[in-house]
Amino acid sequence: MTASDRNLRLDYIEFTVADIAASKAFYGAAFGWSFTDYGPDYCEFDDGRMKGGFSTHGAPRPGGALIVLYADDLAQAQGRVEAAGAKIVASHEFPGGRRFHFIDPDGYELAVWSDR
C-alpha cells in the first residue's frame with residue numbers, strides 16, 4: 001500500500017484497558033485476533049486486516065467512536081462474544097442488515113453487523 005492509499009483512512013485503533021491479559025483473552029476468544037506484546041503495558045492486536053493496540057497508560061475511557069466489526073454469521077459471532085464474557089446491550093435490524101452491540105470487559109461499547 002502506498003502512502004496515498006493510506007492517506008486519511010482509518011489505520012489503527014487503540015484502547016486504554018485495565019488488564020491487557022484480560023483484553024487479549026476476550027478478543028482472542030470472541031474474534032480470533034492475534035497479539036504482539038511490546039512490554040508489560042502495551043500490546044498490539046491484529047484481526048488479519050487492521051491493527052490496533054491495548055495500553056495500560058491511563059484509565060479506560062469507554063465511549064467515543066463506535067467500533068463496528070463485520071461477521072459472516074451474526075448469530076455465531078454473538079455466541080462467541082457472549083461466551084467470552086461480554087454483555088449484549090442492543091440488537092436490531094436495519095436496511096441492508098442486522099447488528100448487535102456489546103460491552104467489553106473494560107466498558108467499551110462495540111458493535112458487530114452482518115448483511116446476511
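Which residues have the most contacts inside the largest nonpolar core, and how many residues does this core have?

Author: Happy to! Please keep in mind that this is a predicted model. The largest nonpolar core is made of 23 residues, and Phe15, Phe54, Phe102 and Val112 have the most contacts inside it. Two or more residues each come from strand E1 (12-16), helix H2 (20-31), strand E3 (42-46), helix H3 (74-83), strand E7 (97-103) and strand E8 (109-114). Of these, H2 gives the most, with four residues.

Let us stay with Phe102 for a moment. Leaving aside residues up to four places away in sequence, Phe102 touches Phe26, Phe31 and Val81, then Ala86, Lys87, Ile88 and Val89, and finally Tyr108, Glu109, Leu110, Ala111 and Val112. Val112, in that list of contacts, is itself one of the residues with the most contacts inside the core.

Now for the strand pairing around here. E7 pairs with strand E6 (residues 87-94) in the antiparallel sense, over seven bridges. Within this pair, His101 in E7 stands opposite Ala90. The two strands form a hairpin with two residues between them, and Gly96 in the turn has a positive phi of about 100°.

Arg49 counts as exposed because its relative accessible area is 79%, and the cut-off for exposed is over 50%. The C-alpha atoms of Arg49 and Tyr70 are separated by 12 Å, with the two residues 21 residues apart along the chain.

How values were computed
Residues are numbered from 1 along each chain as its sequence is written. This is a predicted model: local features need pLDDT of at least 70, side-chain atom pairs count only at pLDDT 80 or more; totals for chains, interfaces and linings use all residues. Side-chain values use heavy atoms; hydrogens and water are left out. A nonpolar core is a set of buried Ala, Val, Leu, Ile, Met, Phe, Trp, Tyr and Cys residues joined through side-chain atoms within 4.5 Å. Buried means under 20% relative accessible area, exposed over 50%, partly exposed in between (1.4 Å probe, protein chains only). Contact means heavy atoms within 4.5 Å. Two strands pair if DSSP finds at least two bridges between them.
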